[in-house]
Amino acid sequence: MKAFFALLAVLCCTSGISAINIITKSQWGGRAATSKSYLAKGLSYVVIHHSAGAYCNTQATCSAQMRNMQSYHMDSLGWADIGYNYGIGADGNIYEGRGAGVMGAHATNWNSKSYGIMFIGNYNNYTPTAAQISKAKELIAWLVSQGYVSSNYTLYGHRQVGSTECPGNNLYNEIKKWSNWRA
């Protein structure tokens, strides 16, 4: 076992692989998807959303919100899973939705060419926390480092690719400051 961890340390440090902490679907109590479609590598877009639902700032309340969204998406809308690839809670955690490499159901006509990252809560009412902003940027950097997203990706707010006020005015004003955001 010791040799395994030594090999893992070498692979990590020599290949440039970096890990991030993600609360997995099983950790937040999510259900398995009923089906999956897979994404190509090197996608050109990341779309930022808000859930427009309840705000959360603990792992317990954020996990509950992820379960609520998944139930709504699967049971009421008939989707195969929660629509987003990832969620970001005000507790400073990243929550796995559909995950990397799996097509989401977050933005009509954009699902096959983008990752959907959702901030849990209504960001017309709340301002994203420094921890949320940091975790979202860390997640995007990880997606780039793993080849899921192109290094010259374009960042959009959901309202830029669909008729919605998502991701809320406060979050939208924040992401407009990020280096890969485009008008």
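First, a definition: helices (H or I, at least four residues) and strands (E, at least two) are DSSP runs, numbered from the N terminus. Now two sentences on sources. This is a predicted model, so local features need pLDDT of at least 70, and side-chain atom pairs count only at pLDDT 80 or more, while totals for chains, interfaces and linings use all residues. Residues are numbered from 1 along each chain as its sequence is written, and side-chain values use heavy atoms, with hydrogens and water left out.

Start at Arg 98. Arg 98 sits in the loop between strand E4 (94-96) and strand E5 (114-119). Is Arg 98 buried or exposed? Arg 98 is buried, and it has no salt bridge. Here are the cut-offs. Buried means under 20% relative accessible area, exposed means over 50%, and partly exposed is in between, with a 1.4 Å probe and protein chains only. A salt bridge is a side-chain nitrogen of Lys or Arg within 4 Å of a carboxyl oxygen of Asp or Glu. On charge, Lys and Arg count as positive and Asp and Glu as negative; His and the chain ends are not counted.

The nearest side chain of opposite charge to Arg 98 is Asp 81, at 4.7 Å. What does the side chain of Arg 98 have within reach of its polar atoms? The backbone oxygen of Ile 82 is 2.6 Å from a polar atom of that side chain. The backbone oxygen of Met 103 is 2.9 Å from a polar atom of the Arg 98 side chain. For a polar contact, the rule is a pair of N or O atoms within 3.5 Å; within protein, one must be able to donate a hydrogen and the other to accept it, and residues adjacent in sequence count only if both atoms are side-chain atoms. Contact in general means heavy atoms within 4.5 Å. Not counting residues up to four places away in sequence, Arg 98 touches several residues, including Trp 79, Asp 81, Tyr 84 and Gly 104.

Next, Asp 81 and the salt bridges. How many are there by this rule? The count comes to four salt bridges. One of them joins Lys 25 to Asp 81, with the closest N and O atoms 2.3 Å apart. That pair links distant parts of the chain: Lys 25 is in helix H2, Asp 81 is in the loop between H3 and strand E3 (86-88), and they are 56 residues apart. Both Lys 25 and Asp 81 are buried.

Asp 75 pairs with Arg 31, closest N and O atoms 3.2 Å apart. Asp 75 counts as exposed, at 53% relative accessibility. Arg 31 is partly exposed, at 33%.

Glu 174 and Lys 177 also meet in a salt bridge, 3.7 Å from N to O. Glu 174 is buried, at 14% relative accessible area. Lys 177 is exposed, at 65%.

Now backbone geometry. Most residues other than glycine have a negative phi, and most peptide bonds are trans. Ala 52 has a positive phi, near 65 degrees. Ala 52 is in the loop between E2 and H3 and is partly exposed, at 45%. Asn 109 also has a positive phi, about 70 degrees, although it is not a glycine. Asn 109 is in the loop between E4 and E5, and it is exposed, at 66%. Then the cis peptide: the bond from Cys 166 to Pro 167, omega near 20 degrees. Pro 167 is in the loop between strand E6 (149-157) and helix H5 (169-175).

Last, Ile 120. Ile 120 is in the loop between E5 and helix H4 (130-145). Ile 120 counts as buried, at 0% relative accessibility. Leaving aside neighbours within four places in sequence, Ile 120 is in contact with residues including Ser 51, Tyr 55, Met 66, Ile 88 and Gln 132.

That's the tour.
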